[in-house]
Amino acid sequence: MLTTLTVTACFVAAALFWVMLPFAAARNARKLRIPGQAPERLPECWPGVSVLVPAREEVTTLEASIASLTAIDYPDLEILLIDDRSSDGTSELIDGLAQTDTRIRTLHIDTLPPGWLGKVHALHRGLEHLS
């Protein structure tokens with residue numbers, strides 16, 4: 001059973017939380033930025049970001065996924081599309097996507113070595129080909 005002291009301590013802790021919350025929000029408000037508004041100071045050098053996309057038999061869904069990636073306006077973005085032994089036209093699709101955007105590179109995998117799983121092998125090979 002809860003003692004009076006325990007219940008009182010819980011109420012005091014909850015009251016302190018609600019009293020301090022507006023002060024913490026006000027203190028951090030100047031650090032926040034409004035979406036769509038440029039930050040006060042942009043970095044001089046952006047770190048490179050590489051996105052690996054392994055795909056197998058995904059000709060019907062891959063284009064929409066890649067469209068969302070290419071909509072990102074990050075300055076140093078690299079997209080590596082990895083065709084993992086597809087036979088449905090995925091290979092041709094990723095080659096076509098690479099021609100439309102210079103940030104996209106492709107890698108085609110024809111065989112799966114013994115002891116490897118497909119997606120894990122595709123990601124491993126993709127890591128080997130990053131610039």
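## Strand pairing in the sheet

Strand 1 (49-55) and strand 2 (residues 77-84) run parallel and are joined by seven bridges. Two strands count as paired if DSSP finds at least two bridges between them; helices (H or I, at least four residues) and strands (E, at least two) are DSSP runs, numbered from the N terminus. Within this pair, L52 stands opposite L80 in strand 2. The model is predicted: local features need pLDDT of at least 70 and side-chain atom pairs count only at pLDDT 80 or more, while totals for chains, interfaces and linings use all residues. Residues are numbered from 1 along each chain as its sequence is written, and side-chain values use heavy atoms, with hydrogens and water left out.

Strand 2 also pairs with strand 3 (residues 104-109), in the parallel sense and over six bridges. I79 stands opposite I104 in strand 3. Between strand 2 and strand 3 the chain passes through helix 3 (residues 90-100), and this β-α-β crossover is right-handed. The term applies if, with the strands pointing away from the viewer, the path from the first strand over the helix to the second runs clockwise.

The three strands form an open sheet in the order 1-2-3, with parallel pairing. Strand 1 and strand 3 are the edge strands, each pairing on one side only. From one strand to the next, the twist averages 20 degrees. Helix 3 packs on the sheet and touches strand 1, strand 2 and strand 3, and its direction makes about 160 degrees with that of strand 3. Contact means heavy atoms within 4.5 Å. Axes are lines fitted to C-alpha atoms, for helices over the stretch in contact, and angles run from 0 to 180 degrees between N-to-C directions.

The buried residues of helix 3 are T90, S91, L93, I94 and L97. Because they fall within an arc of 160 degrees seen down the axis, they line one face of helix 3. The arc is that of the directions from the helix axis to the C-beta atoms. Buried means under 20% relative accessible area, exposed over 50%, and partly exposed in between (1.4 Å probe, protein chains only). E92 and Q99 are exposed on the other side of helix 3. Its buried residues pack against strand 1, helix 2, strand 2 and strand 3.

In helix 2 (residues 62-70), the buried residues are L62, I66 and L69. They cover an arc of only 50 degrees around the axis, so they lie on the same side of helix 2. Their packing partners are strand 1, strand 2, helix 3 and strand 3.

S86 lies in the loop between strand 2 and helix 3. With a relative accessible area of 16%, S86 is buried. Its side chain makes a polar contact of 2.7 Å with that of D83. Such a contact is a pair of N or O atoms within 3.5 Å; within protein, one must be able to donate a hydrogen and the other to accept it, and residues adjacent in sequence count only if both atoms are side-chain atoms. Not counting residues up to four places away in sequence, S86 touches A55, R56 and E57.

## G126 in helix 4

G126 belongs to helix 4 (residues 118-128). Its relative accessibility is 0%, so G126 counts as buried. Leaving aside neighbours within four places in sequence, G126 is in contact with L52, L80, I82 and L107. G126 and L81 are 45 residues apart in sequence, and their C-alpha atoms are 8.3 Å apart in space.
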